[in-house]
Amino acid sequence: MQIPFLTQLQTLTGPTVNKIVGAGPAGSARAAAEQQLQHVLHGLPELLAAAVGDIASGQLLASYTTAREFNPAKIIGFNAEVIRQQRQAMQALHLPPEEQLTELLITLRTQLHLLRLLPDGQRFLYVAVDCRDTNLGIAREVMRTCET
């Protein structure tokens, strides 16, 4: 049951947990982002957080988290900047045009954070998983299969 007061109160305490939440205006980009997160959640039910963001603006389109300390709205902007910086580094290397950035992996002691560019080149998928729960190969494959 949706009670407006409780819903508003929950947003003041941090991100909504264990629920896919769209951000920004409703539209096809937001619906596609929510559908991609459904696919990721189906393939990686033990993930810590997932989000879809716009690279140019750093804006969040949809998110899912299992813990309030993971705030995808904040994280997505920083990750968009990481992608923009990596693209500049690749340009500085003068790589051939067929060499395109597809994903980035950030390895922490107990977590893996993966950033995968979506086929349009304008959006990316972010997933955070616990190393003890998820294999890197499985996480990469789930992310790859939700590109379509």
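Predicted model: local features only at pLDDT ≥ 70, side-chain atom pairs only at ≥ 80, totals over all residues.
Figure 1. The chain holds four helices and six strands. Their order along the sequence is α-β-α-β-β-α-β-β-β-α. Of its 148 residues, 38% count as buried. The accessible surface comes to about 8,700 Å². Carbon and sulfur atoms make up 56% of that surface.

**Figure 2. The largest nonpolar core.** This core has 20 residues. Which of them touch the most other members? They are Val40, Leu44, Leu47, Val52, Leu125 and Val127. Two helices, α2 (28-43) and α4 (136-145), each supply at least two core residues. So do the strands β2 (49-54), β3 (60-65), β5 (111-117) and β6 (123-130). In soluble globular proteins, nonpolar side chains tend to be buried together.

Figure 3. Neighbours within four places in sequence are left aside here. Val40 then contacts Leu47, Ala50, Leu125, Val127, Val142 and Cys146. Leu47, Leu125 and Val127 are, like Val40, among the core residues that touch the most other members. Another core, of 19 residues, lies apart from the largest one. Its members include Ile76, Ala80, Leu101 and Leu117.

Figure 4. Which residues of α4 are buried? They are Ala139, Val142 and Met143. Viewed down the helix axis, these buried residues fall within an arc of 95 degrees, so they line one face of α4. Their cover includes α2, β5 and β6. Val142 is also a contact of Val40.

Figure 5. Ile76 sits in helix α3 (residues 72-92). Is Ile76 buried or exposed? Ile76 counts as buried because its relative accessible area is 0%, and buried means under 20%. Beyond its neighbours within four places in sequence, Ile76 contacts Ala51, Val52, Gly53, Gly58, Gln59, Leu60, Phe124 and Tyr126. Val52, one of these contacts, belongs to the largest nonpolar core. Ile76 itself is a member of the 19-residue core. Ile76 and Leu125 are 49 residues apart along the chain. Their C-alpha atoms are separated by 9.3 Å.

Key:
Residues numbered from 1 in each chain as written. Heavy atoms only, no water. Buried < 20%, exposed > 50% of the residue type's maximum accessible area, 1.4 Å probe, protein only. Areas by Shrake-Rupley, 256 points an atom, 1.4 Å probe, with all protein chains shown as cover. Core = buried A, V, L, I, M, F, W, Y, C linked by side-chain atoms within 4.5 Å. Contact = heavy atoms within 4.5 Å. Arc of directions from axis to C-beta.
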